[in-house]
Amino acid sequence: MAGDWLASYIDRQVKELREKVGREGCALAAVSGGVDSTTAAVLAYKALGSRVQAVFIDTGFMREGEAHRVKSELKGILPLEIVDYSERFLGSLEGLSDAEEKRKKFRSIFYSVLSEEAVKRGCRYLVQGTIAPDIIETVGGIKTQHNVLAQAGLNPLKNYGFTVLEPLKELYKDEVRRVARLLGVPDSVVERQPFPGPGLLIRVVGGLSRGKLGVARRATRIVEEQMGGWGASQYFAAVWIDDVANVGGGELLIYRGVRATGVRGDARRYGPIVLYRGGWSRPRDLEGMVSRLPSMPGDPVRMVAEIYSRNSGKYAVAIRAVVTEDFMTADILDVDRQRLEHLALKIASEIPEARRIVYDVTPKPPATIEYE
Amino acid sequence: MDVAVVYLGGQYNHLIARRVRELGANPVLLDQSALSRASYDCMIAGGGPHRLPGDLEALSMLAYHVARISAPFLGICLSHQLLALVYGGRVAASLTPEYGGVDVEVIEPDDLFEGLPGRIRVWESHNDEVVDMPKGFQLLASSRTCRIQAMKHRSKPLYGVQFHPEVRHTQHGLRILSNFLKTCRR
């Protein structure tokens, strides 16, 4: 039954895309290589053929080798042009540290760039892979997703000169994956773990600098290479400055100058991260302590547990791994500490700037999956 | 069967509509202001960022309908609290707000927990809770940190749950919603 609904959903969207864009119109499709944007573009390609022009915007916050991997993966399925705007993004975002400021600035550059690309090609439509949670989280004020405009009260036609088409906006990630399979999108794309639009920008927690971004990029590569078969729906690394203060002694410390995003009772929280330095053998052991977060000093939004630390380096590298289907709620991946220690040692040996390696033990809610 | 799903700005409101669709019924997602013009066989109202009892004004249209509804009604999270307030119960800030996974004991399986184990792990996200159940209601489930996790009216088809049956991490969540939809078919 659910399958029938999705098949008819696709038919409805194809019809709607044809009606909206008409026989002559051209539509620009923003493709990051993730399942949402790729599926939206392939769907539009199915409806409109070569009148869809797909572009990959290199924002400078992509993972190692991302642009070319995506292009070669989509060979024969979707013609894709890579356009490099990394210097513009990096130059405008460097030094910003507030999560929402970073996200909103990113969104504004992203759409200015798309607007330029659309004008260049004479396209008056933009196809994007916005899905239901993007809209729900943006409208609900939890975090500004980079691909939500009209629903956030911004008029795309007036501000950027195109009409936005969002053929997946009613769907959740697991439904998008089913649509992608029906459309013949390659398995490697269908099964890919999500990667946020603003990319590593929001995994560099707090102030953005090129050095910190480089650490996030290397740590991400190691975590993705190592954690592939562990059973997590999403797994990545985040980086912030390792500056901790005691909160009344004991095993709990609080990170200074760093805040992360959370969601509690349907409302946004942007607050401190707590570090636990006591003993543990599995992340699940710390569940009781996580449930007491709201009563801790500073009302922290999430807790990380130390796996490894040393007296050199300046950054905390966090490993985040969650289990979820639709990404609206998420549980932490419960895994042996020993396995995490191996991973931490690998990160420490390859990244001398890392001072401490931690594992995030906070589910969603009260945390979100990403840090910002 | 048309199921009105009331949108209150909550993170999982749209998911409720998805689950209703997956259970073979027709969800109609609408704002509380559209309730007077809507026709439906039963109603589910979800969570939202409002706090009760303080923000009651903002939920006055839903409260108006909940006070008069004859069709089956399921209130989730914020709407569970609203149901309690409308029928004379008391809502206050939780001593221990619950987020994420929590174990809940089923006290009375009829009707929502029919066919479920006596203890389930559910997903929560609340700052406030029902502290006094309204008269005429029966306690269905409790957790260690929040006593009134689920309740029903003794004679009318009115149900409230503090946790979120619509999210995948709640064990047997779909079954709970399906049990509620059964009361709509009666």
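Predicted model: local features only at pLDDT ≥ 70, side-chain atom pairs only at ≥ 80, totals over all residues.
The strands concerned are strand 3 (residues 42-45) and strand 4 (residues 73-76) of chain B, and they pair in the parallel sense over three bridges. Helix 1 of chain B packs on the sheet, where it touches strand 1 (2-7), strand 2 and strand 3 of chain B. The direction of this helix makes about 170° with that of strand 1 of chain B.

Stepping back from this pair, the sheet of chain B is open and contains nine strands. Their order is 2-1-3-4-9-8-7-5-6, and the pairing is mixed. Strand 2 (26-31) and strand 6 of chain B stand at the edges; each has a single partner strand, so one side of each is left without a neighbour in the sheet. From one strand to the next, the twist averages 20°.

Chain B as a whole has four helices and nine strands. Read from the N terminus on, its elements follow the pattern β-α-β-β-α-β-α-β-β-β-β-β-α. For the overall dimensions, a compact globule of 186 residues would have a radius of gyration near 16 Å, and the 14 Å of chain B agrees with this. Taken along the principal axes, the C-alpha atoms of chain B fill a box of roughly 40 × 35 × 30 Å. Of its 186 residues, 52% count as buried. Among the contacts in chain B between residues at least 6 apart in sequence, 69% join residues at least 24 apart.

Attention now turns to the partner chain. Chain A contains 12 helices and 15 strands, and is divided into domain 1 (2-190) and domain 2 (203-360). The C-alpha centres of these two domains of chain A lie 29 Å apart. Where they meet, 18 residues of domain 1 are in contact with 17 residues of domain 2. On the side of domain 1 of chain A that touches domain 2, the elements that give two or more residues are helix 4 (86-93), helix 5 (99-121) and helix 8 (173-182) of chain A. By class, the residues of that side of domain 1 divide into seven nonpolar, four polar and seven charged.

With 372 residues, a compact globule would have a radius of gyration near 21 Å, and chain A, at 21 Å, agrees. Its C-alpha trace spans about 70 × 45 × 35 Å along the principal axes. Buried residues make up 50% of the 372 residues in chain A. Of the contacts in chain A with a separation of 6 or more, 74% are accounted for by residues 24 or more positions apart.

Finally, the two chains meet in a contact that takes 24 residues from chain B and 22 residues from chain A. On the side of chain B that touches chain A, two or more residues come from each of helix 1 (13-22), strand 5 (90-106) and strand 6 (119-132) of chain B. Helix 1 of chain B provides the largest share of this side, five residues. The side of chain B that touches chain A has seven nonpolar, 13 polar and four charged residues.

Definitions and conventions. Residues numbered from 1 in each chain as written. Chains lettered and ligands numbered in written order. Domains from an automatic or database assignment. Contact = placed C-beta atoms within 7 Å. Nonpolar A, V, L, I, M, F, W, Y, C, P; charged D, E, K, R; others polar. Pairing = 2+ DSSP bridges. Axes fitted to C-alpha atoms, helices over the stretch in contact; angles between N-to-C directions. Rg over C-alpha atoms; globule rule 2.2 N^0.38 Å. Buried ≥ 20, exposed ≤ 12 C-beta atoms within 10 Å, placed from the backbone.
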